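Thank you all for coming.

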Amino acid sequence: MKTKKGFHLRTICGEHVIVAEGIENIDFSRIISMNESSAYLWTKAEGQDFTKEDLARYLTEEYEVDDATALHDVEQLLGKWLEAGIIEE
């Protein structure tokens, strides 16, 4: 998987949001907000190929979470990112 070109994480007024850059990505009807852990994973994944196992490993390295829980959480997150159109397989 890979993050789509033109989407970048920004912190605005203390909130982590994905901002679309470039006219082809502009959709003002939707703002993509991220919590601390999803923002952390975005920074690890942005601009490179990654797998769900890569992201789960990053979670276990940064947070006190077991492998199975991390993988489950990553699968849920990736589903949301795919639905939002900010990553591609």
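Which residues in α2 meet which residues in α3? Before I answer, a word on where the values come from: this is a predicted model, in which local features need pLDDT of at least 70 and side-chain atom pairs count only at pLDDT 80 or more, while totals for chains, interfaces and linings use all residues. Residues are numbered from 1 along each chain as its sequence is written, and side-chain values use heavy atoms, with hydrogens and water left out.

Now to the answer. From α2 the residues are Lys52, Leu55, Ala56, Leu59 and Thr60, and they meet Asp67, Ala70, Leu71, Asp73, Val74, Glu75, Leu78 and Trp81 in α3, where contact means heavy atoms within 4.5 Å. Sorted by class, this contact holds 8 nonpolar, 1 polar and 4 charged residues; here Ala, Val, Leu, Ile, Met, Phe, Trp, Tyr, Cys and Pro count as nonpolar, Asp, Glu, Lys and Arg as charged, and the others, Gly among them, as polar. The helices themselves are DSSP runs (H or I, at least four residues), numbered from the N terminus.

Two packed helices are described by the angle between their axes and the distance between the axes. In our case α2, residues 52-62, and α3, residues 67-84, pack at about 125 degrees, and their axes are 8 Å apart. That angle makes α2 oblique to α3, given that under 35 degrees counts as roughly parallel, over 145 as roughly antiparallel, 65 to 115 as roughly perpendicular and the rest as oblique. The axes are lines fitted to C-alpha atoms over the stretch in contact, and angles run from 0 to 180 degrees between N-to-C directions.

Let me turn to the charges. Side chains of opposite charge can pair when their charged atoms come close. If we require a side-chain nitrogen of Lys or Arg within 4 Å of a carboxyl oxygen of Asp or Glu, the count comes to 3 salt bridges. One of them joins the side chains of lysine 52 and glutamate 75, at 3.1 Å from N to O. Lysine 52 lies in α2 and glutamate 75 in α3, so this pair ties together parts that are 23 residues apart in sequence. Lysine 52 is partly exposed at 29% relative accessibility, and glutamate 75 is partly exposed at 34%; buried means under 20% relative accessible area, exposed over 50%, and partly exposed in between, with a 1.4 Å probe and protein chains only.

What links Asp54, Arg57 and Glu61? The answer is a network of salt bridges. Aspartate 54 pairs with arginine 57 at 3.4 Å, N to O, and these two lie 3 residues apart in α2, about one turn of the helix. Glutamate 61 pairs with arginine 57 at 3.5 Å, N to O, and their spacing of 4 residues in α2 is again about one helical turn. Arginine 57 is partly exposed at 37%, whereas glutamate 61 counts as exposed at 54%.

A last point concerns helix α1, residues 36-45, where serine 38 is found. Serine 38 counts as buried at 7% relative accessibility, and, leaving aside its neighbours within four places in sequence, serine 38 is in contact with Leu77 and Trp81.
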